[in-house]
Amino acid sequence: MPFVVKVAWRYLLSSRLQTALLLSGVAIGVIAVVFITALLGGLKIYLIRQTTENIPHVTLEQPDQLATFLPGDPAARQIYVRLKTKDRREQILQWRSAMAIVGRTGGIAAAAPLIFGSGFVLRGQALAPVSVQGVEPEKLDAISPISPKIVAGSAMVDLQALLIGVTLADDLGLRVGQPVVLRSDRGRERTLVVRGIYRTGLGNLDERTAYVHIKTARTLFDLPQGVSEIDIKLADLNAADEYAARLGAATGLKATSWISRNKQIFLALDNQARTGTMIKFFAMLTIMIGVASALLLTTFRRRAEIGIMRAMGLSRRFIVGVFLLQGVFIGLGGALLGAASGFALASLLGLNAIQNGGTGLPIDAAEGSYIEGILVTTLCGLLAALLPARAAARIDPMDAINQ
Amino acid sequence: MIIASPLVRIRDLVKTFGEGETATRVLKGVDLDLQAAEFVALLGPSGSGKSTLMSIIGTLMRPTSGELSMLGRSLIGMAEDELTEFRNSYLGFVFQAHHLLPDFTAEENVCFPAAGRAGFERAADRARAASLLERVGLADRRAYRATQLSGGQKQRVALARALMNKPQLVLADEPTGNLDRESSDQVLHLLREMNKELRTTFLITTHDEGVAAFCDRRIHILDGKVAETAGAAP
């Protein structure tokens with residue numbers, strides 16, 4: 001063992017109480033870092049899962065149809081006016097070929113054609129606006145898992161079926177088996193039967209969404225052939241942008257990823273990450289100040305010994321090394337202790353949250369910054385020891401010996 | 001006739017502390033030679049400048065002016081790192097308050113100068129440390145911490161440590177000042193034996209005429225100057 005390491009180690013061991021307090025202080029700082037990173041990481045996963053659970057990862061739509069400019073007399077001054085109209089409903093006519101392309105693409109978990117539009121559910125004098133989703137019965141759960149969330153009736157989607165959320169059912173006093181009228185924004189009406197009532201916990205789905213058979217939707221929204229969009233779930237939701245670009249190019253349709261539609265979530269997550277960084281910074285600063293002040297006290301307490309070492313012809317570099325190594329040992333030891341304790345705490349709290357039905361903090365122990373925490377804390381220990389090491393190296397041997 | 005050059009040569013050495021009106025001249029032109037294998041006492045009342053002279057010879061303090069050379073090398077213009085290395089190689093110190101490192105064993109304390117230079121505790125150094133401890137009568141105290149030793153034992157460990165790197169000159173500052181008569185005699189005899197065995201020069205500061213009488217030569221410092229030299233160099 002290098003002699004400088006032996007001396008530094010012996011100094012730490014000889015002041016057991018101080019060393020234990022220092023290690024505890026560093027460990028608590030690292031626990032805070034691990035805890036905050038596990039919490040922010042868990043929160044990110046939770047938010048993304050909550051956001052993407054009921055929405056498509058990639059949506060294929062008909063591109064905007066714009067009128068083409070016809071070139072006029074190049075010498076004349078020309079004014080173009082481009083009008084957009086909503087009279088014609090946007091639809092994908094070649095949706096079957098697009099579905100075939102999607103089906104041949106690897107990494108697709110599910111894909112479903114969809115017809116959607118606005119409408120009203122009427123019961124007697126009562127009326128409620130809804131977003132109508134026309135789905136193929138076997139693909140009801142492809143994008144949003146409705147079947148597992150049925151609380152009354154069944155998830156059977158036949159031509160007369162209407163599936164509604166529990167809030168909408170309460171608002172209109174509807175029960176399974178009751179007939180209701182569904183009127184589309186095209187003025188078409190169909191009498192349907194409430195086959196199932198679901199509870200997703202999401203206000204938009206439970207209060208304003210109604211599921212019907214895709215063929216029923218065709219008649220309600222005047223779309224005899226096309227579909228409104230193709231919704232896709234991916235095996236890797238983080239690759240949505242890449243898949244959107246690829247599928248858009250392959251199908252000629254407008255492809256949008258969930259990431260580009262939910263930029264505000266990432267903005268919020270970025271802000272959280274920045275907050276986490278600030279907390280980590282202050283935790284490290286506290287560690288550095290604590291270690292530096294304790295080691296500075298050590299240099300004063302060991303002034304005579306340092307003076308003797310200098311008198312024996314030990315170099316300033318050796319003295320600096322003794323104190324820097326003490327900082328490294330404290331940083332590394334405290335970091336290892338803190339990382340292990342932080343992992344245990346995060347695991348316990350994460351487990352507790354799961355056992356309480358997800359009502360606790362969304363901590364994910366695997367998201368904790370363990371390696372980063374250990375490396376940065378060790379570096380902080382080293383940096384914290386710079387000032388005491390410098391002070392120790394500058395001690396005048398004669399002053400120290402004669403004190 | 002061949003005249004051997006002295007181990008230490010000091011000429012017109014001046015040391016002033018402070019500046020301007022508050023300046024205090026502690027050494028006022030000291031001339032002194034120390035020969036190889038000499039056993040010399042440095043005497044003088046408190047404030048006479050003997051501790052300052054010891055510190056300057058020990059390269060722990062720089063003089064204001066004058067000449068100081070050892071083994072033919074001038075120490076005046078030497079860089080700090082060079083002086084540190086020089087101290088480690090050619091000088092040994094024994095202090096009145098022993099100044100052992102309390103967290104290390106007797107053997108580790110003795111090994112310190114060699115291990116600090118080599119970067120490791122080599123087996124050969126440990127063996128030499130053990131042999132020195134045996135020589136000073138502390139073979140059975142090798143593994144004892146400094147705090148577990150008596151005053152006389154501590155001073156004997158300090159002597160072994162001072163001799164670890166086979167120095168040319170050992171500077172002993174009141175080495176028996178804190179010891180009882182019996183321990184004092186033991187240490188003094190040990191210093192003398194080492195001087196004869198190893199032919200190491202010893203410069204011992206003391207107030208004790210009994211200690212001084214034990215030395216080959218006695219140098220009296222008075223008011224910053226060498227006032228009197230008694231005895232002769234070997």
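Helices (H or I, at least four residues) and strands (E, at least two) are DSSP runs, numbered from the N terminus. The structure is a predicted model, in which local features need pLDDT of at least 70, side-chain atom pairs count only at pLDDT 80 or more, and totals for chains, interfaces and linings use all residues. Residues are numbered from 1 along each chain as its sequence is written, chains are lettered from A and ligands numbered from 1 in the order in which they are written, and side-chain values use heavy atoms, without hydrogens and water.

One element to begin with is strand β5 of chain A, residues 161-165, where 5 of 5 residues are buried (under 20% relative accessible area, 1.4 Å probe, protein chains only). A:Ala161, A:Leu163 and A:Gly165 point one way from β5(A), while A:Leu162 and A:Ile164 point the other way.

Strands pair if DSSP finds at least two bridges between them. β5(A) pairs in the parallel sense with β7(A), residues 189-198, over 5 bridges; there, A:Leu162 has A:Val194 as its bridge partner. With β8(A), residues 209-213, β5(A) pairs in the antiparallel sense over 2 bridges, and A:Leu163 is partnered by A:Tyr211.

The structure also holds 1 cavity of 30 Å³ or more. A cavity is a set of points on a 1 Å grid over the protein atoms alone where a 1.4 Å probe fits but cannot get out, and its lining residues have an atom within 4 Å of a point. Grid points are joined across faces, edges and corners, and a volume is the space filled by probe spheres set on the points. The largest cavity contains about 130 Å³ of space. Of its 15 lining residues, those closest to the centre are A:Met312, B:Gly92, B:Phe93, B:Arg161 and B:Ala162. At least two lining residues come from each of α10 (303-311) of chain A and α2 (80-90), β6 (91-94) and α5 (151-163) of chain B; β6(B) gives the most, with 3 residues.

Terms used:
Buried means under 20% relative accessible area, exposed over 50%, partly exposed in between (1.4 Å probe, protein chains only). On a 1 Å grid over the protein atoms alone, a cavity is a set of points where a 1.4 Å probe fits but cannot get out, and a pocket is an open set with protein on both sides within 12 Å along at least five of seven lines; lining residues have an atom within 4 Å of a point.
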